[in-house]
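Hi everyone, thanks for making time this morning. Let me put the structure up on the screen, and then we'll walk through it together.

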Amino acid sequence: ADYGGNPAHADPEQLLLSALSSCHMLTFLAVAANRGYVVESYVDAAEAELGKDAEGRTAVTAALLRPGVRFGAGNVPAEDEYQRLHERAHKACFVANSVRTSVRVEARIE
């Protein structure tokens, strides 16, 4: 409402966050599969922060991805390996590599 949007429709910042989250998920799934992990479920409680950038322009200034992953086949990575999988996914995500927004990942194994 602050920017005149229609609450019944997705806002541009929601669409950007969705693209960031989806790209991270798809990249993570590929990274995990390449290392022999089976992902049973993947959920993300992502959030975006809309504010002013350093030049005073309205921008999505931060995005926080909170993926929760459940692994199958009795093969669950150790916490440090799990975080490395997300780091690799984040570095390879072309959407995250295309924006100036600060993107953080706080991942958890479910």
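Strands S3 and S5 run parallel to each other, paired over four bridges. Helices here are DSSP runs of H or I with at least four residues, strands are runs of E with at least two, and both are numbered from the N terminus. Two strands count as paired if DSSP finds at least two bridges between them. One example of a bridge: Leu-64 has Arg-104 in S5 as its partner.

Before I go further, please keep in mind that this is a predicted model, where local features need pLDDT of at least 70, side-chain atom pairs count only at pLDDT 80 or more, and totals for chains, interfaces and linings use all residues. Residues are numbered from 1 along each chain as its sequence is written, and side-chain values use heavy atoms, with hydrogens and water left out.

Back to our sheet. It is open, with three strands in the order S2-S3-S5 and mixed pairing. S2 (47–52) and S5 (102–105) are the edge strands, each pairing on one side only. From one strand to the next, the twist averages 20 degrees.

Take a look at Ala-59, in strand S3, which covers residues 58–65. Beyond its neighbours within four places in sequence, Ala-59 is in contact (heavy atoms within 4.5 Å) with Glu-49, Leu-50, Gly-51 and Asp-53. Its C-alpha atom is 9.5 Å from that of Arg-100, a residue 41 places away along the chain.

Now, what lies across S2, S3 and S5? That is helix H1, residues 12–34, which runs at about 35 degrees to S3. For such angles, axes are lines fitted to C-alpha atoms, for helices over the stretch in contact, and the angle between N-to-C directions runs from 0 to 180 degrees.

How far apart are the end C-alpha atoms of H1? They are 33 Å apart, in agreement with the 33 Å that its 23 residues should span at 1.5 Å a residue. The expected span is 1.5 Å times one less than the number of residues.

Several H1 residues are buried, including Leu-17, Ser-21, Cys-23 and Phe-28. Buried means under 20% relative accessible area, exposed means over 50%, and partly exposed is in between, using a 1.4 Å probe and protein chains only. The buried residues of H1 pack against S1 (38–44), S2, S3, S4, H2 and S5. Ser-21 has 13% relative accessibility, and apart from its neighbours within four places in sequence, its contacts are Asp-44, Ala-46 and Leu-65. After H1 comes Gly-36, with a positive phi near 85 degrees.

On to the nonpolar cores: sets of buried Ala, Val, Leu, Ile, Met, Phe, Trp, Tyr and Cys residues joined through side-chain atoms within 4.5 Å. The largest has eleven residues, among them Phe-28, Tyr-42, Phe-71, Leu-85 and Ala-107. H1, S4 and H2 each supply at least two residues of this core. Another core, apart from it, has nine residues, including Leu-17, Ala-63, Cys-93 and Val-95.

Speaking of cysteines, Cys-23 is buried at 7% relative accessibility, and Cys-93 at 1%. How many disulfides does the whole structure contain? The search, which looks for cysteine sulfur atoms within 2.5 Å, finds zero.

One last stop: Ala-73, in the loop between S4 (67–72) and H2 (79–92). Most residues other than glycine have a negative phi. Ala-73, though not a glycine, has a positive phi of about 60 degrees, and this residue is exposed, with a relative accessible area of 68%.
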